[in-house]
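Please open the structure in your viewer and keep the selection tool at hand.

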Amino acid sequence: MKRIFTISGLVLLCIFFVSSAFAQNVTIKGKVTDATTGEPLIGVSIAVKGTATGTQTDVNGAYSINAPSTATLAFTYIGYLSIQVPVNGQTIINAKLQTQNNELQQVVVIGYGTQRKIDNTGSVASVKGADIEKQASTNPLSALQGKVAGVNITNSGQPGSSPQVSIRGLGTVYGNVSPLFVVDGVWYSDISFLNNADIENVTVLKDASSTAIYGIRAANGVVLITTKHGNKGKPVITYNGYAGWQSVTNQVKMANATEYATAINELYSYNGVTPPLFSNPASYGKGTDWYGDILQNAFVTNHQVAVSGGNDKYTYNYSFGYLDQDGIVKTNNYQRYTIHLSNDFTPVKILKIGYTANGLFGHSRDINGGIFHQLYGAAPTLPVKYKNGAYGDPNDYNTGNGNNYNPQATLDFFNQKSMTHRLTGDVHAELSILKNLKFRTSFGGDIGQSEVRAFTPIYYATLAQKSLNTNLDVNHTETRNWIWENTLTYDYQVKDHKITALVGYSAQNNRAYETDAHANGVPYTASGSLHTSFPDTAKTVYYPDPAQQIHTRALSQFARINYSYKDKYLVNASLRHDGASQFYGNGNQTYGYFPSIGGGWVVTNEDFMKNQHFIDNLKLRGSWGKVGNSVVPINTSVQTVSADPYLTAIFGNPQIPYQGASINTVVPPAIVWEKAVASDFGIEMGFLRNRLSLEADYYNRETQDAIFSIPILASVGTNSGSIIANQASIQNRGFEVLVSWKDSPTKDFSYSISGNIGVNNNKVLSVVSGANPIYSGGIGIANGALATRTVVGQPIGEFYGYKVTGIFQTAAEVAASKQPNALPGDFIYQDTNNDGTINTKDRVVLGNPNPKINYGFNTTFNYRQFDLTLDFQGVADVSVYNANIAFRYGNENFTQDFYNHRWHGAGTSNMYPSVNVGSNANAAPNSFYVESGAYFRMRNAQLGYTLPGSTLKKLGVQRIRLYANAQNAINIFGYKGFSPEVGGSVGNMGLDANVYPLYATYNFGVNVTF
């Protein structure tokens, strides 16, 4: 018996050791790729199921992990379907993750967390950081152009400038029109401090249901940005860099010297001036090409180095970036240095802490803001310089004050430098209190300082361009913002019920200080950064403006609950309670409530859909919510007076002058935040094994309590003829469609094609004080007229003026007309009200600067080591006002197009006026200057080649990709200016008065991973 027990014990011991041997940890390696495109996926989380052991893939999609041979590996990645793979003793496991545009199991970023797309009931669009990084744009927002339906982006050619962004139209006249940007949980008004290569993901929240959790700043939409964090694994070093050039596209051709002299002689003749200015126009030849002299092919280069890695206890990601961008105007330059630091620590299993920091140092050499107007108007008969080296002087040619400038002298003696320092980021901690209960706290800030210094020396260039004294102007701005947020999140699931509940508290503090100063007699100390200061002997004048010293605070409480039953029926609801200091004392208006609710139905999860194979995914959703816009004019309730010389009164004997004063404006009612109430209805569908997907939305957003102008009677005696108050409602209504197709026909070839379109209708619905219009748009209109109008029943800032029906051909035709003071060659205006006279009552709507249609078409192709990306983008049903043509004060030049088609005698033209286009009657806002702003462009084209792995191993490099890129290389439009992509403030939008034109970028780059 003893022997039997001994043998049995040995057998059991052997079985134990054998089992232990088979269950011992093994090192598993592999690669994770996109199942459709075959591209490696970076940052995929691989976890040993049921344990805390995990890792992430590197930049090549590779990973390594230790796990029991009997374990199961779980692969998860945002935007992809999660999978589980049994180890079964394998040491190499390669995984392919499926992704579809409308795959209901993918994860999307939302306010204060993430959520499966199946659970989301709002309108949310995501763009991967890799797609942004491919663009040659120096600002990440520009890279979104054409990629998200309903998002309108208008770029500027100015180096270092930020684009204008609007989501689903304009909802305000006097308030802030930009969306809220949330970077790693911290609120910002712009993201110019970010390097494209530091972005992991961008999510655009478009409807009120998804944005209401941000309350007072969400009326214009919310853009969530997640920056890159470290991945577990050995250190990985990456370098991304490119160099290239930027050149003007569709340059406007101007009349040459002979043509200009001919046109000016015609102008003198029309105005009865003799003799003509130029006795022999042909003797001037082609003359000076001012655009050719001042513009250039601009060099641009961008570099970024990053290192990332980590282990189970901590991860890190550090990067440094450098951008050097010349402007297309000579001497114009912008340089930017960026730094991104991120660390995440897990000291114990239940606690995660970390920080993210972003630094920006930028400086630029600026150009005179009027240089493009000068290039447009400068006389080509004027040489840049005479043979003796002196500047060509317009006064030597008697061309008058309208173009009494030499653009080269303007450029040479304009000495202005701008500098920006900015530090942003946050520190955060997350504690797992219970299994399903997490507490998160974060404290973030934005510390910035910018300064603009302009120095004018003593110089003499021309009779009009000179300075007899030195002077220095300084504009100094500082910002000090912080935000502290705390949230509790509870996830609960029982059987078919899933609930995620969130409650939070937020406190914000924003300060901005701005000071302007001026001094004469300042000596210039030679410095590349213009570190000139005010000497003690200089008479310095400071201009502190109370409106530029801003301090606001906000306190908020918010809550959200997401409920799902069997992944079929969805309900999301949120409520935010905000208090803002700028409205303190306005009764009950200091605080506001912003609720939202959304519902969804996943039809394909119903039993009656199980046996069909045509529709893979079908989801219906709808939402409603209220959001706010607290960035509106403040301090408008302070009554001000002014003392002007014309108010002087003389009394007594002897007579003594007494200075008078006038009230500037009537104190308006207290201004409160604007509110937007919006609804959204959407459908998401997937077909053909989810290779074809469709997403469509219909939305209706109404801004309530919108700030609008109220006219006041002149008899009141104020300087201003109007006040502003919350008294209007503005509607934006439209639909959006996204269609995409992804496929991989062979092992070596894959591709994706997607198209999106957004249609928006903007309209002022009502104004309490009636149909009183707001007139704006005086930029570039020489006679002081206003070209835009905002009124009930029409879109914000529509173009408004006279309708041109033809050109007067003879004096007899003028005499028989309703414009007896006109001349042959002038515009014939429509008598709209048929009262027999032409006056302001005959003005009509001429066009709409708000794009009705935005669309994009994006493609990717991959064949073995080659990859090709083609992005197209455009707008339609939009107008631009070409103010350049009549932006005249005298003898400015004309475009080649105008010269060739101008009226210069009976029968020569019935569309273009004579060269007397700058007269008050002809320069009045009219339909001749309004052109279609529609365009279609190849936004980006990039061809890349990744070197084979066998070659790289010999070099000790993991990956090298070479590429060539072209941005804005093809532009199709009918507009007669540089580009129809013209921005501007509300009321001046679409007014082209020689804005800084866009350009095409051509560059070559490399991505290297060590």
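**Charges over rings**

Select R902 and Y899: the charged end of R902 sits over the ring of Y899, at 4.1 Å from the centre of that ring. The model on display is a predicted one. Next, select R888 and F894. R888 lies over the face of F894, 3.9 Å from the ring centre.

**A serine in a loop**

Now select S909, which is placed in the loop between α9 (896-901) and α10 (920-923). Is S909 buried or exposed? Its relative accessibility is 11%, and the limit for buried is under 20%, so S909 counts as buried. Display its surroundings: leaving aside residues up to four places away in sequence, S909 touches I807, Q809, H901, R902 and W903. At H901, look for the backbone oxygen, which lies 3.2 Å from a polar atom of the S909 side chain.

**An open sheet**

Select the strands β41, β42, β43 and β46. These 4 strands form an open sheet, in that order, with antiparallel pairing. β41 (774-776) and β46 (844-847) are the edge strands, each pairing on one side only. Ignoring direction, neighbouring strands of this sheet are turned against each other by 45° on average. Within the sheet, 2 bridges join β42 (residues 788-790) to β43 (residues 798-801). To find a bridge, select R789, whose partner in β43 is E798.

The whole structure contains 43 aromatic pairs. One of them is Y112 with F558, a stacked pair with 4.6 Å between the centres and 25° between the planes. Y112 lies in the loop between β8 (107-110) and β9 (113-116), whereas F558 lies in strand β29 (residues 550-565), so this pair ties together parts that are 446 residues apart in sequence. F558 is buried, with a relative accessible area of 3%. Then select Y490 and Y492: their ring centres are 6.2 Å apart and their planes are at 15°, so this pair is stacked. Y490 is partly exposed at 35% relative accessible area, and Y492 is partly exposed at 37%.

Finally, select K31 in strand β1 (residues 25-34). K31 is partly exposed, with a relative accessible area of 37%.

Notes
Residues are numbered from 1 along each chain as its sequence is written. This is a predicted model: local features need pLDDT of at least 70, side-chain atom pairs count only at pLDDT 80 or more; totals for chains, interfaces and linings use all residues. Side-chain values use heavy atoms; hydrogens and water are left out. Buried means under 20% relative accessible area, exposed over 50%, partly exposed in between (1.4 Å probe, protein chains only). A polar contact is a pair of N or O atoms within 3.5 Å; within protein, one must be able to donate a hydrogen and the other to accept it, and residues adjacent in sequence count only if both atoms are side-chain atoms. Contact means heavy atoms within 4.5 Å. Two strands pair if DSSP finds at least two bridges between them. Axes are lines fitted to C-alpha atoms, for helices over the stretch in contact, and angles run from 0 to 180 degrees between N-to-C directions. Rings of Phe, Tyr and Trp (its six-membered ring) pair if their centres lie within 6.5 Å; planes under 30 degrees apart count as stacked, over 60 as edge-to-face and the rest as tilted. A charge sits over a ring if NZ of Lys or CZ of Arg is within 6 Å of the ring centre and within 35 degrees of the ring normal.
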